[in-house]
Amino acid sequence: MRRILTASIIVLSLYALFGCSVTGGLTRRQTSARLAQLTRTQRQFQQADTRPQIVTLRRDSTVIYFAPTDTLDGERVMSLNIEQVTVVAAVRTLPERMGKVTIDFIVDLPKELLGRSRSVVVTPFLHKFGEVVPLEDLTIRGAMFDKLQQRDYWQYDTYLWRYAPDSTRAEQLFNRFVKFPRPADVRLDSLVEHRSHITYYYSQEVPTDETSKKMLITLQGKVTGIDASLYTMPSSDTLTYMISSMLSFVDTLPRYQIRIIDKYVTVKDRNYIQFRTNDARVVDTLGGNGRQLDKITDLMAQLVGQEEFYVDTITLTASSSPEGYYARNNVLARERAHALKHYFTRRYGRSIDTMLTVKWIAEDWVALTARVKDDQKIRHRDEILALIRAEKNPDKREDEIRRLFPVDYAYIRERIYPYLRAVTFRYDLRRVGMVKDTIHTTELDTTYARGVKLLQDRKYAKALYVLNDYNDRNTVVAHLSLGHDAQALEMLQTMPQDAVTAYLQAIACSRMGRKEEGRAHFLEACRRDPRMEYRGNLDPEITELLK
Amino acid sequence: MRLQIIKKLLVLCLLLCGCHTASAQFYTVRANGLAALTGTIEIGGDVALTDNWSLDATLFCNPFNTPSLAANFYAVQVGVKHWFYENYVGHFLGQQLIYVNYHLGNLRNRYDGNAYGIGLSYGYSWILSTRWSVAVEAGIGLYYTRDARRDTTVGDWDDEYIYHNRRLTLAPSRLGVTFSYLF
């Protein structure tokens, strides 16, 4: 009997010793970390409200306290605000400013969760539209856990130093020796000696985009013991944040602009076709002719083939450069023009035969004058131009220039003449189905619409770039979203007053510190539209004005 | 007899040295503080075999031999320890093989003999710093003892009776607070 008793006592004590794991108790009790919203006083405290209730003045060794007072029954008494209740709603509204919103909350870790041989890792998760983003962890390690980590790292380093293995082996060794690697990229990594209740104020700036109207925060955590037992905390409460922004003031009415449509349109095209000297035949393998002829034909095909316009006439003008006798150049130009017409008719088709009219310029002095005027390299430019104007006979003109200014003439001949041997096409087009010569129509201003879309997608800088010239309420909203308060205010003062503009003026004034003015504007906005009073609750600038 | 003991000790030292040159293991050197308080020098060493097992060897020496009290013994223990978390950290369970050679006694009786035993112990080791640890251990062993008991107060002219005994007995195999240094 006695033996059985002693044996059972021994077995029970052994079970008690070895049946427990470090995190066994937690798993049984399902202890968890909690999330909480900040109370109003805590929020004010975090925003560093620098108006303390009691002012302390120290002079030498005396301390003087100043406190706000009130009169109660004729007596002056100290009056302080004490927040009694700490119950906060689970849903909070946050204002979005400059494309970002600051989400803050309190993480509450109960005493039972911590321990000497444990490491507690708590990760808040941010739920945005369709995606879950883990934020930075909070890690709290026990003293024994930390010492074990130190020893493991030391063992790993010593092993490397003694035996110098290669990198894959080193990685295996790391996994073998270091059972609990040190956390990296964490918001908090702290060591606790004694168990205590820990509350941590967590604040995160989140950029907003077109899908951010509601954001959720949940908490996930786990506790690891030095015996490698793991306890995953059950899911915590969810905190909900509604994001309010200036975008509710965006004016989504479409804008229209006036477009003038003409009945007659002219298309001009200038190309350079090379001919052999004194020859009028079109050679499509000479120089760049092939490409130029293809280009002309493509344009012709495009214009003749499209259905928005009728082609009234195509005028082909062939021009020549001035060298040689005028009479000869005249004949040459005419022959070349006709050769080109023949070429295009054959290439494109008989249909353009009647449309194509031919003109020629024997010596293109007009173009030459224009080019000489613009050219800096010709030294006797003004004299040459005067000569061209004075002398009526083109052959004589050329001779004079060659005789008087040989260097310049050589330059002109080499550089400018090639550009005078050109073929110009002029297409006279007439719009199909139009009776009047011009029509004024209103069409949707797509640029403005694009700007408004960018604004609604929270791409404020791009939206401002597009909307800047319009100077209306949307421009003001873009300026305010980017923080250009002064410009916004200036613009608002020129716009006709209504509830929304008054409200926006109130916000701009509040940001610039002009409280009295801001208050007046806000009251004006509420007078015009009573709903603005409720909107004021969502914007911290208005709360600041009414303090 | 003395020679035999010395030979055994030498073998053990060689064993320890052999472990020292074995590849890749961490080893510790231990000393028992509690034993020191009772006048015993207990030193030992551990060698890590795997991540949770270590081989250990301990030497005991108690030189006390006075007329009123004799607690003279030399012991050698060789054992293995199973560590639950990691080598040299946390809970462990040890098994040992023991050889003791003792000369115990009080004013009247003296026991001279040797014992062979196996022991089972349990302990817990705390980490003090990266290389130092302190462990508390308690163990019990089953010994087969062979000794001679004699009465030392017998006069020169009286008959002296020497009793030779062999028995199995339970006795502590490990008891102490050891400080160890990790290499």
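**Charged pairs, folds and an interface**

Guide: R514(A) is partly exposed, with a relative accessible area of 34%; the class lies between buried, under 20%, and exposed, over 50%, for a 1.4 Å probe and protein chains only. This is a predicted model, in which local features need pLDDT of at least 70, side-chain atom pairs count only at pLDDT 80 or more, and totals for chains, interfaces and linings use all residues, while side-chain values use heavy atoms, without hydrogens or water. Residues are numbered from 1 along each chain as its sequence is written, chains are lettered from A and ligands numbered from 1 in the order in which they are written.

Visitor: With which residue does R514(A) form a salt bridge?

Guide: R514(A) pairs with E517(A), at 3.0 Å from N to O. A salt bridge here is a side-chain nitrogen of Lys or Arg within 4 Å of a carboxyl oxygen of Asp or Glu. E517(A) is partly exposed as well, because its relative accessibility is 29%.

Visitor: What about R141(A) and D146(A): how far apart are N and O in their salt bridge?

Guide: The N to O distance between R141(A) and D146(A) is 2.7 Å. R141(A) is buried, at a relative accessible area of 8%. D146(A) has 11% relative accessibility and therefore counts as buried.

Visitor: And R531(A), buried or exposed?

Guide: R531(A) is exposed, with a relative accessible area of 62%. R531(A) has D529(A) as a salt-bridge partner, their closest N and O atoms being 3.3 Å apart. D529(A), by contrast, is buried, at 16%. Elsewhere in chain A, R97(A), D485(A), R511(A), R535(A), D539(A) and E541(A) are joined into one network by salt bridges that share partners.

Visitor: How many salt bridges are found over all chains?

Guide: The search of the whole structure gives 39.

Visitor: Let us change topic. How many helices and strands does chain A have?

Guide: Chain A has 19 helices and 21 strands; these are DSSP runs numbered from the N terminus, helices being H or I of at least four residues and strands E of at least two. Of its 547 residues, 41% are buried. Among contacts in chain A with a separation of 6 or more, 71% join residues 24 or more positions apart, a contact being heavy atoms within 4.5 Å.

Visitor: Which elements do the buried residues of α7(A) pack against?

Guide: They pack against α6 (289–305), β18 (309–319), β19 (356–361) and β20 (423–431) of chain A. Those buried residues include L332(A), R336(A), K341(A) and F344(A). The helix α7(A), residues 326–348, has 23 residues and reaches 32 Å between its first and last C-alpha atoms, close to the expected 33 Å; the expected span is 1.5 Å times one less than the number of residues. Just after α7(A), G349(A) has a positive phi of about 140 degrees.

Visitor: And α4(A): what should its residues span?

Guide: Its 21 residues, 143–163, should span 30 Å, and the end C-alpha atoms are 30 Å apart, so the two values agree.

Visitor: Where is E398(A) found?

Guide: E398(A) belongs to helix α10 (residues 394–404) of chain A. E398(A) is buried, with a relative accessible area of 5%. Leaving out residues up to four places away in sequence, E398(A) touches P322(A), E323(A), G324(A), W365(A), Y409(A) and Y417(A).

Visitor: Turning to the interface, how many residues of chain B are in contact with chain A?

Guide: On chain B 25 residues are in contact with 20 residues of chain A. The area buried between the two chains is about 2100 Å², with 60% from carbon and sulfur atoms; buried area is the accessible area (1.4 Å probe) lost by two parts on being put together, summed over both.

Visitor: How many salt bridges are counted between chain B and chain A?

Guide: The count is two. D51(B) and R176(A) meet in a salt bridge at 3.0 Å, N to O. On the side of chain B that touches chain A, β5 (90–105), β6 (109–127) and β7 (132–151) each supply at least two residues. The largest share, five residues, comes from β6(B).
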